[in-house]
Amino acid sequence: MINCIAIDDEPLALELLKKYIDKIAFLNLVATCDNAFDAMEQMQHQQIDLIFVDIQMPELTGLQFISSLEKKPLAIVITAYKEFALDSFDLDVVDYLLKPVPMDRFLKACNRAKDRFELLTNHNHDQATKDPDHFFVNVDYSQVKIKFIDILWLKGYGDYLKFYLKKNSQPLVVRMSFKEIVSILPPKQFIRIHKSYMVAIDEITSIRKSSLFLGELEFSVGESYKESVEKLID
């Protein structure tokens, strides 16, 4: 079960949201709140995995509320305004829904949240019964599924990563840090060879003293990562 709260200062919208949530078996609605401060109080007393939040609320907007949280739960934004979509996805929200929200679109967003929740849960528990074979990333306001087996290599620059995939002619650009991706990718399948590069171990075709090859592609091995690469040979 995913513990969630609903936050909206419009009583009718909040009541409709409650009815939607009650229809979804894997959601456990812990509380409904008409402002962000009440929601904060609820989150201090119990584990909340997912929040449904409106943007335009008095005193503290939904986006300000999400930004203020040190430990952020998953979030689905539900609003009447289109113009805040980019800001919302910069906060890594699961989905952005425009009012009035049809039930099928709401269910789709909740399923995305369920997938993300299960992925995070698997990574946070070493003894998970089954390791995931994929993860989801935000691309152009959508959640895109990436399978580990499809990744050839990836490059980091600033707050972004470029994923080079087997079936894609162009890299997939994702707002994500190296710290985040290292916590997601299985260490038995991927190796970091430079501060800006990771490669799939199964795709490595040859290794030299300071270089590593994926077919005809040559990568320089950073000084700090040579020992890890040498262990592959051993």
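## Contacts of arginine 116

Two residues are said to be in contact when heavy atoms of each lie within 4.5 Å. The structure described in this report is a predicted model. In this model, arginine 116 touches Leu74, Asp92, Val93, Val94, Asn138 and Gln143, leaving aside residues up to four places away in sequence.

Arginine 116 belongs to helix 5, which covers residues 103–124. The relative accessible area of arginine 116 is 10%. Because buried means under 20% relative accessible area, arginine 116 counts as buried.

## The largest pocket

The largest pocket holds about 1600 Å³ of space. Its lining comprises 48 residues, and those closest to the centre of the pocket are Leu74, Leu91, Asp92, Arg116 and Glu180. Of these, Leu74 and Asp92 are also among the contacts of arginine 116.

Several helices and strands each supply at least two residues of the lining. The helices are helix 2 (36–45), helix 3 (62–68), helix 4 (85–90), helix 5 and helix 6 (178–184). The strands are strand 4 (74–79), strand 6 (134–139) and strand 10 (172–175). Helix 5 gives the most to the lining, with 7 residues.

## Leucine 119 in helix 5

Leucine 119 is likewise found in helix 5. With a relative accessibility of 9%, leucine 119 is buried. Its contacts, not counting residues up to four places away in sequence, are Pro132, His134, Phe135 and Phe136.

Leucine 119 and methionine 176 are 57 residues apart along the chain. A distance of 16 Å separates their C-alpha atoms.

The whole structure contains 10 salt bridges. Two of them involve aspartate 95, with arginine 105 as one partner and arginine 112 as the other. In the bridge to arginine 105, the closest N and O atoms are 2.9 Å apart. This pair links distant parts of the chain, since arginine 105 lies in helix 5 and aspartate 95 in strand 5, 10 residues apart.

The bridge between the side chains of aspartate 95 and arginine 112 also has an N to O distance of 2.9 Å. Here strand 5, with aspartate 95, is linked to helix 5, with arginine 112, across 17 residues of sequence. Aspartate 95 and arginine 112 are both buried, the relative accessible area of aspartate 95 being 1%. Arginine 105, at 27% relative accessibility, is partly exposed.

## The bridge from lysine 99 to aspartate 8

A salt bridge also joins the side chains of lysine 99 and aspartate 8, with an N to O distance of 2.8 Å. Lysine 99 lies in the loop between strand 5 (95–98) and helix 5, while aspartate 8 lies in the loop between strand 1 (2–7) and helix 1 (11–22). The pair therefore ties together parts that are 91 residues apart in sequence.

Lysine 99 is partly exposed, at 25% relative accessibility, whereas aspartate 8 is buried, with a relative accessible area of 3%. Both residues belong to a network of salt bridges that links Asp8, Glu10, Asp54 and Lys99.

## A nonpolar surface patch

On the surface, Tyr157, Tyr160 and Val173 form a nonpolar patch. Together these residues have about 250 Å² of accessible area. Tyrosine 160 lies in strand 9, which covers residues 160–165. The relative accessible area of tyrosine 160 is 34%, and this residue is partly exposed.

Technical notes. Residues are numbered from 1 along each chain as its sequence is written. This is a predicted model: local features need pLDDT of at least 70, side-chain atom pairs count only at pLDDT 80 or more; totals for chains, interfaces and linings use all residues. Side-chain values use heavy atoms; hydrogens and water are left out. Patches are made of residues with over 30% relative accessible area and no salt bridge: like charges are joined within 9 Å, nonpolar side chains (Val, Leu, Ile, Met, Phe, Trp, Tyr) within 5 Å. Accessible areas come from the Shrake-Rupley method with a 1.4 Å probe; for residues, only the protein chains shown count as cover. A salt bridge is a side-chain nitrogen of Lys or Arg within 4 Å of a carboxyl oxygen of Asp or Glu. Helices (H or I, at least four residues) and strands (E, at least two) are DSSP runs, numbered from the N terminus. Buried means under 20% relative accessible area, exposed over 50%, partly exposed in between (1.4 Å probe, protein chains only). On a 1 Å grid over the protein atoms alone, a cavity is a set of points where a 1.4 Å probe fits but cannot get out, and a pocket is an open set with protein on both sides within 12 Å along at least five of seven lines; lining residues have an atom within 4 Å of a point. Grid points are joined across faces, edges and corners, and a volume is the space filled by probe spheres set on the points.
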